[in-house]
Amino acid sequence: MTEAAGRDAGPDLESQFEATIARDQRIEPRDWMPEGYRKTLVRQIAQHAHSEIIGMQPEGEWITKAPSLRRKAILFAKVQDEAGHGLYLYSAAETLGADRADLTERLLEGRQKYSSIFNYPTLSYADVGVIGWFVDGAAICNQVPLCRSSYGPYARAMVRICKEESFHQRQGYELLMTMMRGTEAQREMVQDAVNRWWWPSLMMFGPPDDDSPNSAQSMAWKIKRHSNDELRRRFVDMTVPQAAKLGVTLPDPELRWNEERGHHDFGTPDFSELKEVITGNGPCNAQRMDRRRTAHEEGAWVRAAASAHAAKQAARAREEAVA
Ligand code: BYC
């Protein structure tokens, strides 16, 4: 618990917090904040950080199988960016008094979640393109408003992350454009990947608003700026014209432009599937967690070496200060 959050609130501190939120100003780590606000942020930021780290796996599988040196270099850079995003986010959580090792432990013990989307398999190279287009596109829809989130360190981390997500989305779309200009077999691969990733991508935005227990409070605190359904609608409106330009069909027979509303109508994702995936029963949950646990164990010597080095540096600095 941070010192500021742990203090007895008192009416002044509480009303100052409310007033800062009402003025659309930022809450900073040293400001007093309600314990619920701190906990909600740690939950969301940690889940987001874990998603970035686990999210390296589905595409990472293709680094050694990329079809050219250019594609390999692009994919390498993207997956490395995802590690970076995870690190900014763990740092943002640390400003709330969370401990990164403890957050990792919670992930490994299944006590904290990561995004459902990374529990689906990547079956062909077209999946790399579709992940960039859909998954990073969905991330942009969800995360651009988070740049205005009420908690300063989270909002600032999001600014940089969103700039990188934008490149990620474009690299995916460019890869798909290239494949669509290729052979019939390549076009079929793209359509197949679109068919498999469309609905899971819509599920990334979370359960529908009337089944989203955290939304109302998170929106009142201006952590979240839009509801899950609102962001899902924006994503559909953004993606439909891109699909037409690419020449693929989105696998939803109910998808059509609604002139009156000025938005697309679309079908309802299978939210029972989302629940299954979130509770650990998706196609790749076990594989993703096994891989993450192994990586964590294999990295133990690196953490030990870094700690020993830091201790040595600190001891040397103390000796120099005394001399
Ligand atoms: N998957 O009340 P709700 C990326 C959970 S990384 C799993 O609506 P909330 C990328 C939710 O946590 C993408 N769990 O919750 C990386 C809650 O459970 P708890 C990650 C989900 O927080 C690499 C419960 O269901 N992005 O883009 O108000 C390569 C009830 O939901 C999911 C972020 O994390 C899900 N899809 O809203 C490429 C963005 N949906 O914690 C790309 C930041 C819901 O109460 N996060 N749950 O046990 C958010 O914006 C919000 O946390 C969510 C959920 C919209 C995800």
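Guide: The second largest pocket has 23 lining residues, and Ile53, Arg292, Ala295, His296 and Arg303 are the ones nearest its centre. Keep in mind that this is a predicted model. There's about 740 Å³ of space in that pocket. Helix α13 (285-298) is the top contributor here, giving 7 residues to the lining. At least two residues each also come from α4 (56-60), α5, α6 (100-108) and α14 (300-322). Sort the lining of this second pocket by class and you get 9 nonpolar, 6 polar and 8 charged residues.

Now for the largest pocket, with a volume of about 1,200 Å³. Its lining runs to 49 residues, with Gln47, Ser115, Met204, Phe205 and Gly206 lying nearest the centre. This time α7 supplies the largest share, 7 residues. Among the other elements giving at least two residues each are α3, α8, α11 (228-246) and α12 (271-281). The lining of the largest pocket splits into 19 nonpolar, 17 polar and 13 charged residues.

And what takes up that space? The ligand does: the space it takes is the largest pocket. Two elements give two or more residues to the shell around the ligand, α3 (35-54) and α7 (125-143), and α3 has the largest share with 6. There are 30 residues around the ligand, and Gln47, Lys113, Ser212, Lys224 and Asn228 come nearest. By class, that shell holds 12 nonpolar, 12 polar and 6 charged residues.

Met203 takes part through its backbone instead, where an N or O atom sits 3.4 Å from a ligand nitrogen. As for burial, the ligand taken alone exposes 1,000 Å², and the protein buries 91% of that.

The structure has 1 cavity of 30 Å³ or more, and the largest cavity contains about 30 Å³. Its lining is made up of Arg71, Ile74, Leu75, Tyr125, Val128, Gln171 and Leu175. Helix α5 gives the most to this lining, 3 residues, while α7 and α8 (152-180) each supply at least two. By class, the cavity lining comes to 5 nonpolar, 1 polar and 1 charged.

Key
Residues are numbered from 1 along each chain as its sequence is written. This is a predicted model: local features need pLDDT of at least 70, side-chain atom pairs count only at pLDDT 80 or more; totals for chains, interfaces and linings use all residues. Side-chain values use heavy atoms; hydrogens and water are left out. A residue is near a molecule or strand if one of its heavy atoms lies within 4 Å of it. A polar contact is a pair of N or O atoms within 3.5 Å; within protein, one must be able to donate a hydrogen and the other to accept it, and residues adjacent in sequence count only if both atoms are side-chain atoms. Accessible areas come from the Shrake-Rupley method with a 1.4 Å probe; for residues, only the protein chains shown count as cover. On a 1 Å grid over the protein atoms alone, a cavity is a set of points where a 1.4 Å probe fits but cannot get out, and a pocket is an open set with protein on both sides within 12 Å along at least five of seven lines; lining residues have an atom within 4 Å of a point. A molecule sits in a cavity or pocket if more than half of its atoms lie within 2 Å of its grid points. Helices (H or I, at least four residues) and strands (E, at least two) are DSSP runs, numbered from the N terminus. Ala, Val, Leu, Ile, Met, Phe, Trp, Tyr, Cys and Pro count as nonpolar, Asp, Glu, Lys and Arg as charged, and the others, Gly among them, as polar. Grid points are joined across faces, edges and corners, and a volume is the space filled by probe spheres set on the points.
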